[in-house]
Amino acid sequence: MSSHREAPEISKDPVADSTDAYAFVSPDKPSTVTLIANYVPLQNPAGGPNFYEFGDDVLYEIHIDTDGNAEPDITYQFRFTTRVGNPDTFLYNTGPITSLSSPAWNRKQFYSVTRVDRWGVHKLGKDLACPPCNIGPLSTPNYATALAQPAVHTLSDGSTVFAGQRAEGFYVDLGSIFDLLNLRPIQELNVFAKALGLMSAAGVNSTEFLNVHSIALQVDISKITAHKRPVIGVWTTASRRRVGIRDDHGGEWTWSGPETQVSRLGNPLINEVVIPMGKKDYWNTQHPAHDKQFARFYAHPELAGLIAAIYAPNFPNLQAAVTAGTVRADLEAVLLTGIPSGIVPGFTNFTGSVQADLLRLNTSIPPTTSSPNPLGLLGTPADPAGFPNGRRVFDDVVTVELRAIAGATLPLVDPSFTPDAAIADISDGLTDTSPGGPYLTQFPYLGVPYDGYDHPSA
Amino acid sequence: MLRGAATAGAAGLAMTALASPALAATRPAGHADPAADHEQLPDHLADGEDVVVHVRDVRNGEMDVYRGTSHVRVQDRALAARLARASQ
């Protein structure tokens, strides 16, 4: 998945697992940017009685680089506190939860928001209520209007924030991709599937009817850009204290020391399929400003060779480029520096020469409000408001990245390269209609979380 | 957490107000200060907050000391040896 369970260590620590990051000019409020950081992946909506929540012991952050050095010029910090109303019941709720202050809700979570920038540390909000998880029609009636919408808060600087459960918006056929890259729609071309006689089939969305926890922030563009620099670099992190000691009676933890980064996310799928196994945990601890050390994995992605080999002989040009050791300057540009002007007519999200895995958003490009293309810049026609110009909640980043790695973007830097015709068929067979429920047209854009009663076996 | 604490020659201990990290950091390596046991701690260190010591290497006395959100690395062979003995 985009970055769910993408590295060995963080896969054992879901509350700190950064799963997706989004950054886009808000389609309904184009003077603002919406930033979303997702955590706690693959939630079965029926996962009670201890439903999902943020970690009180995790520091969640959204970072913004405004000047191209891959260092955070602005950081929004989110810290959570859980309050148990009645410790003498096993129940998450003792009756219907009809409001965020409902006494029937036994395990509430609150959070603070702090902005750190060159002018100092600014507390923007505290004791902000999260909504409960969506349990079912008896426990969480009128979820969207009575519980989720009241959990959208206005911060002291006028920004808007939400933190809580949402429907998973990222769609991917995990079952096929991690079964030897067997993309179902073209599995008759997969050398392993061909041997079994498998024929083309429709994609299956592995995240359908699953939930996730989101931190969403909507901020005026002027608050997160530098003067005459409309392109920002965004990444999210989760950090834990350096030391934790578990009490041997009661199971309580004692935490000590400074926070240390345990998870991060800029572009989707990078630690998933670009960074090799031996570097994944390390990658999660590193700051983007140090990403030059990983540049060779972008320049010579293992996945390109796998596509050429597994779908041989359908990618002869890609195979030739891999065999020749071609440096994938196209991927380095798209993923590590942004695309300089002059490469794609009328478009740039270049931040400078510092190589860093950031989600780069040119905030001067208006949102596409009529028929946005989930394939973004790789769409036909191209949609410059979509990935890799930031990332919208519905963007088909799996197809975009698979096609880019298969050579679709290589002609941008090497006009002599002809992409293989089979690139157009690369897809896991999913679209932005694959999620179980609709996206929202307004903040926080990710859909209402699926409830456990109606989705008991997701 | 405390990764490496189980390796040979290392010990991890959690104590309350073990000692001032700042004082320990300024102490010459290999010289424990017996008087420290009776030292009057300043109020900000005697506040009951946990001090966690990770002895990284008993032989050279390298230790990480954590208190609140701070972390300092100190070198004190005698103190590291005392802690290792106390862990037996």
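Arg67(B) and Asp47(B) pair up in a salt bridge, with their closest N and O atoms 3.0 Å apart; the term stands for a side-chain nitrogen of Lys or Arg within 4 Å of a carboxyl oxygen of Asp or Glu. This pair links distant parts of the chain, 20 residues apart: Arg67(B) belongs to strand E3 (residues 62-67) of chain B, while Asp47(B) sits in the loop between helix H1 (21-26) and strand E2 (50-57) of chain B. Helices (H or I, at least four residues) and strands (E, at least two) are DSSP runs, numbered from the N terminus. Arg67(B) counts as buried, at 13% relative accessibility, whereas Asp47(B) is partly exposed at 45%. Here buried means under 20% relative accessible area, exposed means over 50%, and partly exposed is in between (1.4 Å probe, protein chains only).

The model is predicted, so local features need pLDDT of at least 70 and side-chain atom pairs count only at pLDDT 80 or more, while totals for chains, interfaces and linings use all residues. Residues are numbered from 1 along each chain as its sequence is written, chains are lettered from A and ligands numbered from 1 in the order in which they are written, and side-chain values use heavy atoms, with hydrogens and water left out.

Back to the charged pairs. Side chains of opposite charge can pair when their charged atoms come close. Over all chains, the rule gives 19 salt bridges. In chain B, Arg56(B), Glu62(B), Asp64(B) and Arg73(B) are joined in a network of such bridges. In chain A, one of the pairs is Arg79(A) with Glu259(A), at 3.1 Å from N to O. Arg79(A) lies in strand E4 (residues 74-84) of chain A and Glu259(A) in strand E11 of chain A, so this bridge ties together parts that are 180 residues apart in sequence. Both partners are partly exposed, Arg79(A) with a relative accessible area of 36% and Glu259(A) with 31%. Lys12(A) and Glu9(A) also form a salt bridge, their closest N and O atoms being 3.5 Å apart. Lys12(A) is exposed at 62% relative accessibility, and Glu9(A) is partly exposed at 41%.

Next comes chain A as a whole. Chain A has 10 helices and 12 strands, and its C-alpha atoms fill a box of roughly 70 × 55 × 50 Å along the principal axes. A compact globule of 458 residues would have a radius of gyration near 23 Å, and the 22 Å of chain A agrees with that. That radius is taken over C-alpha atoms, and the globule rule is 2.2 Å times the number of residues to the power 0.38. Of the 458 residues in chain A, 57% are buried. Among contacts (heavy atoms within 4.5 Å) in chain A between residues at least 6 apart in sequence, 66% join residues at least 24 apart.

Which helix of chain A is mostly covered? Helix H9 (residues 329-337) has eight of its nine residues buried, including Asp330(A), Glu332(A) and Leu335(A). The cover over the buried residues of H9(A) includes helix H4 (270-273), helix H6 (295-299), strand E12 (359-362) and helix H10 (397-408) of chain A. Just after H9(A) comes Gly338(A), which takes a positive phi of about 90°.

What about the meeting of the two chains? In all, 11 residues of chain A are in contact with 12 residues of chain B. Chain A and chain B bury about 990 Å² between them, 63% of it on carbon and sulfur atoms; this is the accessible area (1.4 Å probe) that two parts lose on being put together, summed over both.

On the side of chain A that touches chain B, strand E10 (231-246) and strand E11 (253-265) of chain A are the elements that give two or more residues. E10(A) gives the most, with six residues. That side divides into four nonpolar, four polar and three charged residues. Ala, Val, Leu, Ile, Met, Phe, Trp, Tyr, Cys and Pro count as nonpolar, Asp, Glu, Lys and Arg as charged, and the others, Gly among them, as polar. Strand E10 of chain A also holds Arg246(A), which is exposed with a relative accessible area of 53%.
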